[in-house]
Amino acid sequence: MNKKRLLLYLFLFSLSLLTYFLNISSSRYTSFLFDTLYRLILPVIELKTHIANAVKEGVSRYLYLVEVEERNKKLSKQVQELYFYKSQLRACQMSLKSVSELLGVKSEEFGRGLIFASVLGYDPSGRDTFIIIDKGKDQGVEEGFVVFYKDMLVGFVDKVFGSSSRIRTVYSRDLTVSSTTEATGKSYIYRGGWMYGQLLYVRLEDQVQKGDVVLLRDTKKALPAFVIGTVFSVEEKGDQFFKRVWVNPSIDIRQLEYVVIVKEKL
């Protein structure tokens with residue numbers, strides 16, 4: 001290393017030490033210069049931050065709108081399908097009325113109405129055996145009314161209060177209901193349970209298998225065949241008359257924000 005370069009390094013090192021010990025940035029002689037530079041730079045920093053936040057917010061809003069648009073397309077398709085099914089139902093009702101008049105049989109029409117209710121609370125035990133809704137006696141709710149969401153059975157109204165009610169769900173052992181399967185069409189009893197319910201009185205010869213859909217069965221034909229769940233496992237023992245059938249309920253209780261009450265009892 002030559003002598004000139006060594007002297008340069010020593011000078012720079014000495015200048016750094018002098019700057020550190022004298023604290024030039026806070027010196028009264030240089031503070032005005034630093035304050036002026038800070039005032040000039042601060043608007044640029046604030047502008048940069050504002051632009052970054054605006055861009056981030058704009059991107060988030062764009063992604064949200066894209067998601068909403070896709071969701072609206074799916075909902076529009078579902079609504080059109082529902083209108084189509086409604087037209088088919090109207091045609092079936094007209095045919096049923098004509099056949100009933102021809103045979104002299106009175107046709108029962110389901111028209112007691114529906115009640116839409118928001119979910120206020122869930123079973124604190126985590127077993128989802130019941131939910132609390134915001135409709136009660138003030139809205140004409142009665143014990144025993146059927147509760148559903150989409151095409152799935154949620155349960156039945158268990159207790160009714162002034163402006164709220166408790167719904168006993170398909171996960172509760174206190175819930176038993178007449179049921180069937182798409183595969184057999186035979187009558188069974190579904191008993192709720194956590195995490196799986198049971199399908200009772202399934203004979204050994206009945207062709208009930210894993211994956212079969214379990215449906216609500218209404219002998220009065222006043223209620224739709226709401227989906228209760230799917231068969232999870234089937235156990236057979238030669239010394240018994242019935243199979244042991246476990247059912248996985250289809251409804252996800254914790255995801256419910258609202259339910260629909262049918263003014264009809266089994």
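A charge sits over a ring if NZ of Lys or CZ of Arg is within 6 Å of the ring centre and within 35 degrees of the ring normal. Select Lys-210 and Phe-232: Lys-210 lies over the face of Phe-232, at 5.8 Å from the ring centre.

This is a predicted model, where local features need pLDDT of at least 70 and side-chain atom pairs count only at pLDDT 80 or more, while totals for chains, interfaces and linings use all residues. Residues are numbered from 1 along each chain as its sequence is written, and side-chain values use heavy atoms, leaving out hydrogens and water.

**Stop 1: Arg-166**

Go to Arg-166 and Phe-130. Arg-166 lies over the face of Phe-130, 5.9 Å from the ring centre. With Arg-166, they are linked in a network of salt bridges. A salt bridge here is a side-chain nitrogen of Lys or Arg within 4 Å of a carboxyl oxygen of Asp or Glu.

**Stop 2: the core**

Select Ile-131. Its contacts (heavy atoms within 4.5 Å) include Arg-166, Val-154, Leu-256 and Val-259, not counting residues up to four places away in sequence. Ile-131, Val-154, Ile-251, Leu-256, Val-259 and Ile-261 touch the most other members of the largest nonpolar core, which has 44 residues. Strand 4 (residues 152-160) gives the most to this core, with 6 residues. Strands are DSSP runs (E, at least two residues), numbered from the N terminus. A nonpolar core is a set of buried Ala, Val, Leu, Ile, Met, Phe, Trp, Tyr and Cys residues joined through side-chain atoms within 4.5 Å. Buried means under 20% relative accessible area, exposed over 50%, partly exposed in between (1.4 Å probe, protein chains only).

**Stop 3: aromatic pairs**

Rings of Phe, Tyr and Trp (its six-membered ring) pair if their centres lie within 6.5 Å; planes under 30 degrees apart count as stacked, over 60 as edge-to-face and the rest as tilted. The count comes to 5 aromatic pairs. Select Tyr-149 and Tyr-258. Their centres are 5.4 Å apart and their planes at 75°, so this pair is edge-to-face. Tyr-149 is in strand 3 and Tyr-258 in strand 12, 109 residues apart. Tyr-149 is buried at 19%; Tyr-258 is partly exposed at 39%.

**Stop 4: salt bridges**

The structure holds 9 salt bridges. Pick Asp-128 and Arg-254, whose side chains meet at 2.9 Å, N to O. Both sit in loops, 126 residues apart. Asp-128 is buried at 6%, while Arg-254 is partly exposed at 40%. Finish on Glu-142 and Lys-265, a salt bridge at 3.3 Å, N to O.

Terms used: Helices (H or I, at least four residues) and strands (E, at least two) are DSSP runs, numbered from the N terminus.
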